[in-house]
Amino acid sequence: MDFLLNEEQKILQGMAYKFAQKEFEPVAKECDREEKYSREVWQKACEAGLVGVYVPEEYGGPGAGFFDVALITEQLSRVDLGLGLSVVAATFGAENILFFGSEEQKKKYLPLLVDGKAICAGAFTEPNAGTDVASAKTRAVKDGNEYVINGSKMFITNGTICDFMVVFCETNPNAEVRHQRHSMILVEADRKGLTKSKIHGKMGIRATDTAELTFEDVRVPVENLIGVEGKGFHQLMHFFDCTRTFVAAQGVGLAQGALDKTIKYVQERHVFGKPLAVNQAVQFQLSEMATRIELARNITYKAAWNVDRGQIDPSLNAMAKYYAGETAVWVADKALQLHGGYGYIDEYDVQRFYRDAKILEIYEGAKEAEKLTIARRLLK
Ligand SMILES: Cc1cc2nc3c(=O)[nH]c(=O)nc-3n(C[C@H](O)[C@H](O)[C@H](O)COP(=O)(O)OP(=O)(O)OC[C@H]3O[C@@H](n4cnc5c(N)ncnc54)[C@H](O)[C@@H]3O)c2cc1C
């Protein structure tokens, strides 16, 4: 494995960080406080070439790898996880189109994402089916040349602002094996019968749009099926096996950002007549934070690198997501502690990092689900 970034990757990395500093920093507090999704930031990110970099050239993208997406994600999350997510998750769910979609679907939808003309959502979770996603009950019933969809989805990122979404539906409820009952179906956001309600009051990543979706006799043409009917669960697992590397990168970035701020703070803040940083106990904490971040970064890069080589290792990717998420929570806690009372008020960014970090242990598979994947491999 080559741990060295090539020149293009170094440029991309630096560009993403500079973009986040310039575009996120002035609005991050307001977006957090007001629960405001910034369409403007997303548009600028598209113009800067930071959205949909995994889309191949024949579909209008630069054809970079998932490793490059992870690099961008890390640098954006270093400045603000919520705004970073509103940029990188603008294509969330569309990976399914790339992996399993028809040629027509790829040509029609993927260029829109890269050009900043459309936003995608991935609608898998339901009010009663999250970790156990195979229990999803949103039904899609064939009626002539159409699917008729009924049901509801919960906690969907980009739910109210997306242009189309990839929906995990039960199409074959009588299949003997429960993992052969579902399919992925593309639903345009303006379809009749689709209601989108923004969820308010999130603890963190408040700059992102999160919604509950209700489908009441929503009709889409059968051509909107992505991949193979009845194979939706396996397609979804493949999708998560790839995109979990992005969540891991979010954890690495957030943790690095929290450490960056803490290094600055402990050198400026004077306690007992000297900078906090001269205390060995403080130095040890910084060292431990840096060490865990480096471990998380290494496993994340390895996982993303493997995805690009077509050697997807679900257990390794689960380790990366679980470890990087836990690292982000742990580092953000230490960072806030070292900021003392100032860390607890919103004048300092570190309290936002602390609140934002927790989602990394929950979405795209709670960390317990990751551990189940790892254990399954160990006990095989
Ligand atoms: C802000 C936000 C954005 C999201 N974005 C999306 C999105 O874009 N698309 C989408 O489809 N979903 C999205 N989700 C949903 C997210 O993926 C789910 O919340 C997550 O998968 C957990 O499912 P659940 O909430 O139903 O928890 P449950 O499945 O009810 O589990 C509750 C808790 O129990 C524990 N647990 C569960 N199963 C086990 C087990 N077998 N063993 C031990 N412990 C266990 C875990 O700690 C888990 O957190 C989002 C959620 C949030 C909060």
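The domain assignment, which is automatic or taken from a database, divides the chain into domain 1 (7–93), domain 2 (120–230) and domain 3 (234–379). The model is predicted: local features need pLDDT of at least 70, side-chain atom pairs count only at pLDDT 80 or more, and totals for chains, interfaces and linings use all residues. Residues are numbered from 1 along each chain as its sequence is written.

The C-alpha centres of domain 1 and domain 2 are 25 Å apart. Their contact (C-beta atoms, placed from the backbone, within 7 Å) takes 17 residues from domain 1 and 14 residues from domain 2. On the side of domain 1 that touches domain 2, helix 2 (28–34) and helix 5 (81–88) each give two or more residues; helices are DSSP runs of H or I with at least four residues, strands are runs of E with at least two, and both are numbered from the N terminus. Helix 5 has the largest share of this side, 5 residues.

Strand 1 (residues 120–123) pairs with strand 4 (residues 164–170) in the parallel sense over 4 bridges; pairing requires at least two DSSP bridges. Within this pair, A123 has V167 as its bridge partner.

Terms used. Two residues are in contact if their C-beta atoms, placed from the backbone, lie within 7 Å.
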